[in-house]
Amino acid sequence: MITISVDDQVNVAEEIARMMDELDPDGIHKAFSDIEKALTFVREAEPDVAWLDIEMPGMSGLELSMKVKTLSPKTNIVFVTGHERFAYQSFQLHASGFILKPAKIGRASCRE
């Protein structure tokens, strides 16, 4: 599996990538705090899952999710945020999941 995590706090993005390494040691899991670098990777790798923070400077995760889906329509979007108020908006964008920070293995709210 190929995944990306994008968060303006690089330590958060790296922690999600580390958790994915633990869950899927044979996969490729990249962390980004730079949105443009993340989009370049999406173009090249078409990841299976994109873990996106919602509140980021320059471009929100909601906006980023639309760009990711344009570049890689099969990528599943999971929002990772500290704000419950974004849950409804995230599912309107057909997100595969929504996780409240701090993200931990085994803690997710996903649609079926």
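## Exercise 1: Ser72 and its surroundings

Leaving aside neighbours within four places in sequence, Ser72 is in contact with Val42, Glu46 and Pro47. Keep in mind that this is a predicted model.

**Task.** Find where Ser72 lies, and decide whether Ser72 is buried or exposed.

**Solution.** 
- Step 1: Locate the residue. Ser72 sits in the loop between α3 (61-71) and β4 (76-81).
- Step 2: Check the accessible area. Buried means under 20% relative accessible area. Ser72 has 3%, so Ser72 is buried.
- Step 3: Look for a polar partner. The side chains of Ser72 and Thr75 make a polar contact at 2.6 Å.

## Exercise 2: The faces of α2

**Task.** Which residues of α2 are buried, and how are they arranged around the helix axis?

**Solution.** 
- Step 1: List the buried residues. In α2 (35-45), these are Ile35, Ala38, Leu39, Phe41 and Val42.
- Step 2: Look down the axis. The buried residues of α2 fall within an arc of 160°, so they line one face of the helix.
- Step 3: Recall a general rule. An α-helix has 3.6 residues a turn, so residues three or four places apart point the same way.
- Step 4: Turn to the other side. Lys37 and Glu44 are exposed on the face of α2 turned away from its buried side.
- Step 5: Find the packing partners. The buried residues of α2 pack against β1, β2 (28-32) and α3.

## Exercise 3: The ends of α2

**Task.** Which residue caps the N-terminal end of α2, and which residue follows α2?

**Solution.** 
- Step 1: Asp34 is the cap, with a side-chain oxygen 2.9 Å from the backbone nitrogen of Glu36.
- Step 2: Glu46 follows α2, and its phi is positive, near 45°.

Notes
Residues numbered from 1 in each chain as written. Predicted model: local features only at pLDDT ≥ 70, side-chain atom pairs only at ≥ 80, totals over all residues. Heavy atoms only, no water. Helix = DSSP H or I, 4+ residues; strand = E, 2+ residues; numbered from the N terminus. Buried < 20%, exposed > 50% of the residue type's maximum accessible area, 1.4 Å probe, protein only. Polar contact = N/O pair within 3.5 Å; in protein donor to acceptor, adjacent residues only side chain to side chain. Contact = heavy atoms within 4.5 Å. Arc of directions from axis to C-beta.
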